[in-house]
Amino acid sequence: MSYFKILGLEKEPFSTSPDPDFFYQSPGHKTVITNLVIELRLRRGMSVILGDVGTGKTTLSRKLVQSLRDREGFIFHIIMDPVYESEHLFLSSLVRIFGIEINVKDASLLDLKEALEHFLFQKGVTENKTVVLIVDEAQKLELNSLEVLRVLLNYETNEYKLLQLVLLGQLELYSKIINMANFIDRVSFKYTLNPLNEDETREMIDFRLKQAGYQNMAPLFQDGAIREIYRYTRGYPRQVSLLCHNALKSVVMQNKLVVDEQMVREIINQETRNGWAAPAAVKR
């Protein structure tokens, strides 16, 4: 039997996979989701979301797709690892991602750009669809790839952009684009995600437990345990999930009923001794 079943849970509450149903929306995350939905519905072009490792950018993108999936007219494509050695490789990849057929052998850069322009015009104008390209880990984009995206953002009608672009990246993405004047001025919405505060960390833990089916009136995590979790993780959602997962395993293995402060400290000390201290904790 899985540990979460023993605790009266229906699902694993603290998986680090980007499940949108377990995405706790802090005020900052809600601000991003709300603004992105507006930007996409108005087809304004490019949005850039920055955030340190583990602040929830990937799960946020899945929540965005989930929020708009049931609305007619949206076509989503996601790039998870945008590493391309050349402009031609990036354009060729976009053609494949969009499912565009090119009846030209050894297509040139011009062939690829024209195919993409025709596709975006067909979907955006003829079919009145909104094509959304989400690029995760966008700090990995090379300058030639950023230039490709800039060109694609030039495809527009008198009223709206034909491609909606959402870049999610670590903070170094900003240093790449800030000096590209003809790129940065195309950003319609930008936001930097920060770690959670202590109250938000508590709310995230409670939210994920409820999503996993926890119905007991007694809290599974004592106040002192949550304080220790926040102190160690500094509110980075991924690290919070990892530590909470280990804490619930300890509850089961030690045949206890709740996660207390001492238990969390023991887990943290063990991880520190083994050289597995969370990056967020190391920054303290």
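Me: Which residues does E228 touch, not counting residues up to four places away in sequence?
Reply: The model is a predicted one. E228 is found in helix 10, which covers residues 223-233. Once residues up to four places away in sequence are left out, the residues that E228 touches are E261, V264, R265 and I268.

Me: Is E228 buried or exposed?
Reply: A residue counts as buried under 20% relative accessible area and as exposed over 50%. The relative accessible area of E228 is 7%, so E228 is buried.

Me: With which side chain does the side chain of E228 make a polar contact?
Reply: A polar contact needs a pair of N or O atoms within 3.5 Å. The contact made by the side chain of E228 has a distance of 3.0 Å, and the partner is the side chain of R231.

Me: Is N103 buried or exposed?
Reply: N103 is found in the loop between helix 4 (87-97) and helix 5 (109-126). The cut-off for exposed is over 50% relative accessible area. N103 has a value of 78%, so N103 is exposed.

Me: What distance separates the C-alpha atoms of N103 and A115?
Reply: N103 and A115 are twelve residues apart along the chain. Their C-alpha atoms are separated by 10.0 Å.

Me: Which residues of strand 4 point the other way from L163, L165, L167 and G169?
Reply: In a regular strand, side chains alternate between the two faces of the sheet. Strand 4 spans residues 163-169, and seven of its seven residues are buried. With L163, L165, L167 and G169 pointing one way, the residues that point the other way are Q164, V166 and L168.

Me: Which residue in strand 4 is the bridge partner of S47?
Reply: Strand 1 (residues 46-51) pairs with strand 4 in the parallel sense, over five bridges. In strand 4, the residue bridged to S47 is V166.

Me: Which residue stands opposite L167 in strand 4?
Reply: Strand 3 (residues 130-135) runs parallel to strand 4, and five bridges join them. Opposite L167 stands V135.

Me: What is the volume of the largest pocket?
Reply: The volume of the largest pocket is about 410 Å³. Of the 25 residues that line this pocket, the closest to its centre are G54, G56, T59, P237 and R238. By class the lining has eight nonpolar, eleven polar and six charged residues. To restate the value asked for, the volume is about 410 Å³.

Me: How many residues in the lining of the second largest pocket are nonpolar?
Reply: The second largest pocket holds about 180 Å³ of space. Its lining includes D206, Y214 and F221. Two of the lining residues are polar and two are charged, while the number of nonpolar ones is seven.

Conventions. Residues are numbered from 1 along each chain as its sequence is written. This is a predicted model: local features need pLDDT of at least 70, side-chain atom pairs count only at pLDDT 80 or more; totals for chains, interfaces and linings use all residues. Side-chain values use heavy atoms; hydrogens and water are left out. On a 1 Å grid over the protein atoms alone, a cavity is a set of points where a 1.4 Å probe fits but cannot get out, and a pocket is an open set with protein on both sides within 12 Å along at least five of seven lines; lining residues have an atom within 4 Å of a point. Grid points are joined across faces, edges and corners, and a volume is the space filled by probe spheres set on the points. Ala, Val, Leu, Ile, Met, Phe, Trp, Tyr, Cys and Pro count as nonpolar, Asp, Glu, Lys and Arg as charged, and the others, Gly among them, as polar. Helices (H or I, at least four residues) and strands (E, at least two) are DSSP runs, numbered from the N terminus. Buried means under 20% relative accessible area, exposed over 50%, partly exposed in between (1.4 Å probe, protein chains only). A polar contact is a pair of N or O atoms within 3.5 Å; within protein, one must be able to donate a hydrogen and the other to accept it, and residues adjacent in sequence count only if both atoms are side-chain atoms. Contact means heavy atoms within 4.5 Å. Two strands pair if DSSP finds at least two bridges between them.
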